[in-house]
Amino acid sequence: MNNDKKIGNISINDINSPEDLKNLSEKELEYLAVSAREFLIDSVSKTGGHLASNLGAVELTLGLHYVFDSPRDKIIWDVGHQSYVHKMLTGRREGFSDLRKTGGISGFPKRAESEHDIYDTGHSSTSIPAAIGMATARDLKGDDYEVIAVIGDGSMTGGPAFEALNNVAQTKTKIIIVLNDNGMSISRNIGGLSEHLGRLRSSTGYQQAKEMVKDKLDQIPVVGSGLKNMIGSTKENIKYMLLSGGVLFEELGLTYIGPYNGNSIKDVISGLNYAKKTEGPVILHLITEKGKGYRPAEQDPNKFHGIGAFNPETGEPLDSGATTYSEVFGDALYELAKHNDKVTAVTAAMCDATGLGNMVKTMPNRVFDVGIAEAYGVIFAAGQALSGLHPFVAIYSSFLQRAYDEMLEDVCLQKLPVTFAIDRAGIVGADGETHHGIFDLSYLIPMPGMTIYAPCDAVQLRRMIELASKKERPVAIRYPRGEATMHNLTGEFFDGKNIRLSTGKDVEIYAVGTMLDKALQVKEILSEKGIDIGIIDIALVKDGSEDVPSIETYRVQKDKMPKLIVTLEDNVKQGGFGEFFNSVLIDNNLTDNLSILNLAWPDKFIEQGKNSDLFSHYGLDTDGIVTSITEALNERRTQKGDIPRIRDNKEKEERMQILHNIFGQVE
């Protein structure tokens, strides 16, 4: 596709700032919407990203920047995965060639990236609370600007959004909530609010009905004006007289406007202008189609919610289609559920994304999608566990952070058999800071009674699911995003215990989960340099049945301690396995003549980029680990002299060349 293609004599390439929209006609904006969709499809097909949600929000975004004056007016994008057109309109169109790449523009709003990005987002349901906070600050300071929260209907199910709606009447401050209603979040939406919005979508339009009543009353001589004022001042009368579903929002203190066609420039502009002139908090209901304008995305919006590079002509992905850890989990749980009627699955608006699609189709009464409501989902699972079931809660690592208290208080405190299938643990690549799952070990390890597994490959993951189903206490299984290693890296049957693969008198590497693959490569390299390396597969990060962690759990050989112990993990260093393991060694008086090296992610939010680039940049790839261990050994040798000199192949080759030059061929 050609990004320079002009439709109706206007192209997205003609727009360099929101000001360029102000003098366009509605017809020109319609042409611009077509051009923007062409650009989106072409760009995302090369880089991957969130396509369907952005295609559905094109007219909505054009309307926002046409009616409002960003950045003076504050537009807050909930989650932010639908902000691509916003970025195109605010001077970042050229950056789309590096969308979500290392050093490129983010797939989410970033305050550091543009003055038009008002609030850093990435998780859902935060826009309305933030908007109320900004609006109250505006009022206290006596400033004059609009605050607009753009939120999808799926995000409205999240606790912070509901809590904000509950508080908006108390503040009475002017905010505009734009409800982008496409019937989906990642998976299709569920729940009472979704059903309520569905009824509104099929209604004749609440706002049109209100205007009709007012117009008719104006036509009544003498008493008409008084009747209109009476109805206007008695909110309940007009709401219940019209029998509109908008009552739900108006009871919460908002003026409800809509529903409008969110894929019509005319309707969007009309609705936004109406909301702009309305006093107090207002909610504008726009109905959009996820994937609008691209047939493959319209037919399968779930597939195109977040997608890698694809063929724009066919919509087919360009990757190899290798089996992912999510698919391994889903298949294993499905097989387990067929033979164990106590097993259920709980997820938060992402059945397919967590691998549960097959289970949904074949045993829908055993899968519970609670919507974007992670905290509720964990309490819900606790209720099932107390009633004799064994729920598996499948949620991304970064999203599970939203249910920390519920995991601790409702599951661990009650010692309930709930298994947390923690998808996307560790670095996740292009989605960046808000989605990296590098904090879960740090928040799981302190939870009393929590058993934590980390599989090194698909074989271990399948076995862990089986073992977890037999435990009468909380279990967490963390596994990464992407392609699963299908063979058995340890070569041994996993019985729920850590596996010592080899013993080393110089160095022993304790590798957590999928970091085992890198540890094995490091061993091969350092062994060639004369370093004796031992490897321990840390599949059991923490045994929740132990009151005090024992060295036996981690296969520590007290009478054969190496000179250097190295821990490897795909988690931040602070509070992770390495620091936890250090405390185990200290408690067992094993650190007197021991050097320790904890390798993990630093104390910062890791930026977006290819996983391989990030591992390399932070020294957690094979070469970086070899370098870190070599430096630690050199320091040890300098201080204590008890480590053999590391043989350097390059140095050996240079010496051999010198000998050859002097003596000729050397055997």
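Lysine 110 has a relative accessibility of 12% and therefore counts as buried; buried means under 20% relative accessible area, exposed means over 50%, and partly exposed is in between, with a 1.4 Å probe and protein chains only. Its side chain meets that of glutamate 433 in a salt bridge, 3.5 Å from N to O. The term salt bridge here stands for a side-chain nitrogen of Lys or Arg within 4 Å of a carboxyl oxygen of Asp or Glu. This pair links distant parts of the chain, 323 residues apart: lysine 110 is in the loop between helix H4 (84-92) and helix H5 (127-141), and glutamate 433 is in the loop between strand S9 (419-423) and helix H19 (440-444). Helices (H or I, at least four residues) and strands (E, at least two) are DSSP runs, numbered from the N terminus. Glutamate 433, at 27% relative accessibility, is partly exposed.

A word on the source. This is a predicted model, in which local features need pLDDT of at least 70 and side-chain atom pairs count only at pLDDT 80 or more, while totals for chains, interfaces and linings use all residues. Residues are numbered from 1 along each chain as its sequence is written, and side-chain values use heavy atoms, with hydrogens and water left out.

Back to the charged pairs. Side chains of opposite charge can pair when their charged atoms come close. How many salt bridges are there by this rule? The count is 28. Lysine 27 and glutamate 30 form one of them, with their closest N and O atoms 3.1 Å apart. Both are in helix H1 (residues 26-47), and because they are three residues apart there, about one helical turn separates them. Lysine 27 is partly exposed at 45% relative accessibility, and glutamate 30 is partly exposed as well, at 32%.

Another pair sits in helix H13 (residues 295-299). Glutamate 298 and arginine 295 both lie in that helix, three residues apart, about one turn. Their side chains form a salt bridge of 3.6 Å, N to O. Arginine 295 is exposed, with a relative accessible area of 54%, whereas glutamate 298 is partly exposed at 25%. There is also a network of salt bridges, which links Lys87, Arg92, Glu113 and Asp117.

Next, the sheet. Strands of a sheet pair through backbone hydrogen bonds, either parallel or antiparallel. Five strands form an open sheet in the order S12-S14-S13-S16-S17, and the pairing is mixed. Two strands count as paired if DSSP finds at least two bridges between them. Which strands stand at the edges? They are strand S12 (499-502) and strand S17 (595-601); each has a single partner strand, so one side of each has no neighbour in the sheet. On average, neighbouring strands of this sheet are turned by 20° against each other, direction ignored. For such angles, axes are lines fitted to C-alpha atoms, for helices over the stretch in contact, and angles run from 0 to 180 degrees between N-to-C directions.

Strand S13 (residues 507-512) and strand S14 (residues 533-538) run parallel and are joined by six bridges. Alanine 511 has aspartate 537 in S14 as its bridge partner. Strand S16 (residues 564-572) pairs with S17 over six bridges, also in the parallel sense. There, serine 595 in S17 is the bridge partner of leucine 564. S17 is mostly covered, with five of its seven residues buried.

Helix H3 (residues 58-67) is mostly covered too: nine of its ten residues are buried, among them Glu59, Thr61 and His65.

Last, the spaces. On a 1 Å grid over the protein atoms alone, a cavity is a set of points where a 1.4 Å probe fits but cannot get out, and a pocket is an open set with protein on both sides within 12 Å along at least five of seven lines; lining residues have an atom within 4 Å of a point. Grid points are joined across faces, edges and corners, and a volume is the space filled by probe spheres set on the points.

There are three cavities of 30 Å³ or more. The largest cavity holds about 80 Å³, and its lining includes Ala425, Tyr479, Met515 and Asp570.

The second largest pocket has a volume of about 430 Å³. Of the 18 residues that line this pocket, Pro480, Thr514, Lys518, Asn611 and Phe615 lie nearest its centre. Helix H21 (516-527) and helix H23 (611-617) are the elements that give two or more residues to this lining; H23 provides the largest share, three residues.
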